[in-house]
Amino acid sequence: MLIGAFLVKMVQSSQIFTSLTFVNFLLLVICGMTYGTATDIFCLKSIKDSLEDPYNYLQSWNFNNKTEGFICNFNGVECWHPDENRILNLKLSNMGLKGQFPLGIGNCTSLTGLDLSINNLSGVIPGNIATLLPYVTSLDLSPNKFSGVIPVGLANCSYLNTLKLDQNRLSGEIPQQLGLLKRLRTFTVSNNSLTGPVPNFTNDYVMVNYSNNKGLCGPSLRPCPQ
């Protein structure tokens, strides 16, 4: 009888523990989803606040709606799922946007694609871009008016497949570390003021465009000075 009572208590304790574990798991998941949703909404708010939008392309970004997935209907926003406020891609091309690179984009915690091409953005490409966009696979910043150097930090965006920086005002050397990006398939930097040797890509399948950078040298270009 004592053994039977002990086993019953063990089973009951196990059930209570399992129930508590399951509840805690649900709370963690819900909190995580809420956090991700809140940060993605804040991400879009900060982007809208930091950029000039002379043609009102971002007018659809109305944050008064509180339903799940409402940001997925915003112009240029693609979500992982239409009923969830988690941003997959931002496609803000050819909107006439003005300002600097929107640092608030770091709050779009699940972003994989960023297209800011054909705008009037200026200033430098942030050195901590890998922290802002840790999962980015496609980054298009051409053509704009970005100046300064290509940040070495781009080499830490290890998921990059496409990197387009054409027709900006970039100068200095291309970081050699970019050659170590194993997933990279497209790298274009035409029409800038870049100098020095081009990266030696360990991946043989990278499509490159270095045209109209008179100071560049290396494979497919003029030999570099010894």
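User: What makes Cys72 and Cys79 count as a disulfide?

Analyst: This is a predicted model, and in it the sulfur atoms of Cys72 and Cys79 lie 2.2 Å apart. A disulfide is called when two cysteine sulfurs are within 2.5 Å, so the pair of Cys72 and Cys79, at 2.2 Å, is counted as one.

User: How many disulfides does the structure hold, and how are the bonded cysteines paired?

Analyst: The structure holds three disulfides, and when the bonded cysteines of the chain are numbered in sequence order, the pairing reads 1-4, 2-3, 5-6. One of them joins Cys43 to Cys108, with an S to S distance of 1.9 Å; this link is left-handed, with -95 degrees about the S-S bond. Cys43 belongs to helix α1, while Cys108 sits in the loop between β3 (98-100) and β4 (113-115), so that the bond links distant parts of the chain, 65 residues apart. Both Cys43 and Cys108 are buried.

User: What makes the disulfide of Cys217 and Cys224 right-handed, and how is each of these two cysteines classed by accessibility?

Analyst: Cys217 and Cys224 are joined with an S to S distance of 2.1 Å, and the torsion about their S-S bond is about 100 degrees, so this disulfide is right-handed. Cys217, with a relative accessible area of 3%, is buried, whereas Cys224, at 24%, counts as partly exposed, because the buried class requires a value under 20%.

User: Why is the contact of Glu78 and Lys91 called a salt bridge, and which parts does the pair tie together?

Analyst: The closest N and O atoms of Glu78 and Lys91 are 3.2 Å apart, and the rule asks for a side-chain nitrogen of Lys or Arg within 4 Å of a carboxyl oxygen of Asp or Glu, so the pair qualifies. Glu78 is partly exposed at 32% relative accessibility, and Lys91 is partly exposed at 44%.

User: How many salt bridges are counted, and what is known of Glu84 and Arg86?

Analyst: By this rule the count comes to two salt bridges, and one of them is formed by Glu84 with Arg86, whose closest N and O atoms are 2.9 Å apart. Glu84 has a relative accessible area of 18% and is therefore buried, while Arg86, at 26%, counts as partly exposed.

User: Where is Leu221, and why is it called partly exposed?

Analyst: Leu221 is found in the segment after β13 (215-217). Its relative accessible area is 32%, and partly exposed covers values between the buried limit of 20% and the exposed limit of 50%, so Leu221 falls in that class. Leaving aside residues up to four places away in sequence, Leu221 touches Val198, Tyr210 and Leu216.

Notes. Residues are numbered from 1 along each chain as its sequence is written. This is a predicted model: local features need pLDDT of at least 70, side-chain atom pairs count only at pLDDT 80 or more; totals for chains, interfaces and linings use all residues. Side-chain values use heavy atoms; hydrogens and water are left out. Buried means under 20% relative accessible area, exposed over 50%, partly exposed in between (1.4 Å probe, protein chains only). Helices (H or I, at least four residues) and strands (E, at least two) are DSSP runs, numbered from the N terminus. Contact means heavy atoms within 4.5 Å.
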